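Subject: Structure handover

Hi there,

Here is the structure I promised to pass on. Please have a look, and then read on for what turned up in it.

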Amino acid sequence: MKVLIILGHPRSPSLCSALANAYENGALAAGMEVEKIDLGAIDFDLDVHPVSPRDQPLEPGLEHALQLIKWADHMTFIYPAWWGVGPARLKGFLDRILLPGFAFRERDDGHFEGLLTGKTAHLITTLDMPPWVYRFIYRAPGHNAMKRSALGFCGITTTRILALGPVKDSEPIQRAQWLEQSRGLGFSLRNGASSYIDRITTKLKAWLKALRLQFYPMTWMAYTVGALGAAAASEHWNTGVYWLGYACLFFLEAATVFTNDWFDYESDRCNRHFGPFTGGSRVLVDKNLSFGELRVGIVISLMAAAACTGLLMDYLAGNSSVPIVILIMTLLGLGYTAPPLKLAWRGLGELNVAVTHSFGVILCGYIFQGGEWNSPFPWLISLPLLLAVMPAIILSGIPDFEADKQAGKRTLVVRLGLGWTTLLALVLAAAAPLVVVLIKDQPALRGSFQGLLPWVLPHVCLLGFLIYRAWRQQQLCGRIDGLMVASLTYIIWFGLIPLLHLK
C-alpha cells in the first residue's frame, strides 16, 4: 500500500509532528511505501482568488502534493482541532488542492461525483478537551467536515479516526501512550486500512447495494397476486411452497442484477447520469466489489435458486409446469445482458423486463399454488401490469442513453431516440388503465380491478405531465429521479389493488 501522511500543524516540532513520525514508523514497519507532506514547510497561498481554484496556478509544493495524492492508496491527516475544526493552513491546503476535474466533477444534471474513489484515509486529531466531549457535546465538527464534506465528497473513505486529548495538561506518560497509539494505527495498515469489523460491514453494504433491493417489492407483490389468485380458485393455500417459490425468484433476481453489473460494466463506467434507479449498482465501477467476488455471488445465487427449484419439484411432484416456467425465467433473466442472448443490447431488454415482472412472476405464483398455466386469470391480470411496467423500464434507459450508445448497446432508447421514447412511454402508461376498463368485468378476474381506476387515472395524468414537462424543458439528458419515482410507483397500483381484493 502507498501511504501519504499529511501533517497539518503549521509548526514543527509539535505533538502532531511527533504523532506523524510515530505513524510513519508504524507504517514502514508494516511494509508500506510512505511519503509525507509537512504543510508548515511548503510555501503556498492559502486563499483562492479566482472564481474557481482550477484557474489559480499551483505553487511547486502544491503541484508535488497533487501528484502524491494521485499516487497514494491511503492518506493520513494529522492536525490539531483548533476551534473545533483545524488550522487555517490545512483548510487552505484543501481549498487549493481538491480541484474540480481532479478531486470531483459536476455532472450535467447538477449533481457532483467524487473522482478519488478507492482511496482511504485515517484522521489523527489532537484536542484540548476529552474526546467524548468533542464527539457528543460539540458533535465532532472537524471530523464531520473532513470525513463527509471534504474527503467523502471527493470519494475518499475515512476508515479510522483517532482523537487524542486533552493535550494542554497531559503528562509525558500520556503523550507516550498517544505516540504508541499512532504508531499502532500506522502498523495496522498491514491488515488493510480498515478494521476487520469495518471491512465486514463495508462488504455487507456493498452486497446490499449490488442486490438493488429497491426493485424487489414489486416482484413480491406480483408473485403474491398470482399465488392468491390460485388459492382463490382452489381454496387451498400452501405457505411453505409460497415462501419457497419466492425464495427461488429472489435468488434468480439476485443473479440477474449481478450479471447485469458484470456485462454492463463498460456502459456503467461511462455513465455520467447514474442514479438510484438507473446505471446499475456501480459496485464494480466504484470498486466496492471485484469481478471475482461478483462471479461468486452469481454462482451462489444460481445454486440457491436451483436448490429451491429442486425442493419445489419435490413438493409439487407431477406438476411439469414448475421446472419449465423457472427455466424460462432463468433464461430471460440472465439473458437480459449475458451472452448469447444479450437482449438489452438488441432493443429487447425493456420488453424482457416487463414480461418477466408481469406474466412471469404472476404465472410462477399461480402455478406454484396448484393453478394451471392455461387458466385465464394469470394472463388477464398480467396484461395491465405489463403495460404499467413498460414506461418505467423505457424511461430508466434515458439517463443511460449516452453511455449505452458509446458502449454499443442498441437499447430501445438508443434505437428510437429520446423524443420517440418518451412518446412511447406515455402511450403505454395510458394504455394500462384502458385495458383495465376492457377486462375488469371478466369473471376469471373475480373483481380484482374494482376500485383501481380512481387511483390510476390521476396518477397517469401526473406521469404524463411530468414526462411532457421533462421533454419540453429538455431535462431528459440527465438524471430523472423524480420521473422515475412517479413511473415506478405507478406500477404499484396494478399489484396492490388486486392484492387487497384477493387476500
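Let me begin with a charge over a ring: Arg 282 sits over the face of Phe 274, at 3.6 Å from the ring centre. The criterion here is NZ of Lys or CZ of Arg within 6 Å of the ring centre and within 35 degrees of the ring normal. Arg 446 is placed likewise over the face of Phe 377, at 5.6 Å from the ring centre.

Before going further, please note that this is a predicted model, in which local features need pLDDT of at least 70 and side-chain atom pairs count only at pLDDT 80 or more, while totals for chains, interfaces and linings use all residues. Residues are numbered from 1 along each chain as its sequence is written, and side-chain values use heavy atoms, with hydrogens and water left out.

Now to the rings. The structure holds 21 aromatic pairs; rings of Phe, Tyr and Trp (its six-membered ring) pair if their centres lie within 6.5 Å, with planes under 30 degrees apart counted as stacked, over 60 as edge-to-face and the rest as tilted. One of the pairs is Phe 215 with Phe 277, which is edge-to-face at 6.4 Å centre to centre and 70° between the planes. This pair links distant parts of the chain, 62 residues apart: Phe 215 is in the loop between α7 (196-211) and α8 (216-234), and Phe 277 is in the loop between α10 (265-270) and α11 (291-315). Helices (H or I, at least four residues) and strands (E, at least two) are DSSP runs, numbered from the N terminus.

Trp 237 and Tyr 242 make a tilted pair, because their ring centres are 5.1 Å apart and their planes are at 40°. Tyr 242 is buried, with a relative accessible area of 5%, whereas Trp 237 counts as partly exposed at 34%. The cut-offs are under 20% relative accessible area for buried, over 50% for exposed and in between for partly exposed (1.4 Å probe, protein chains only). Both rings belong to a cluster linked by ring pairs, whose members include Tyr 216, Tyr 223, Trp 243 and Phe 368.

What about salt bridges? A search of the whole structure finds 11 of them, each a side-chain nitrogen of Lys or Arg within 4 Å of a carboxyl oxygen of Asp or Glu. Glu 59 and Arg 96 meet in one, at 3.1 Å from N to O. Glu 59 lies in the loop between β2 (33-38) and α2 (60-71) and Arg 96 in helix α3 (residues 88-97), so the bridge ties together parts that are 37 residues apart in sequence. Arg 96 is buried, with a relative accessible area of 0%.

Another salt bridge joins Lys 409 to Asp 264, with the closest N and O atoms 3.2 Å apart. Lys 409 is in the loop between α15 (401-407) and α16 (412-439) and Asp 264 in the loop between α9 (239-263) and α10, so this pair ties together parts 145 residues apart in sequence.

Finally, a word on α2. Its buried residues are Leu 62, Ala 65, Leu 66, Leu 68 and Ile 69. The buried residues of α2 pack against β1 (2-7), β2, β3 (74-80) and α3, where contact means heavy atoms within 4.5 Å.

Happy browsing!
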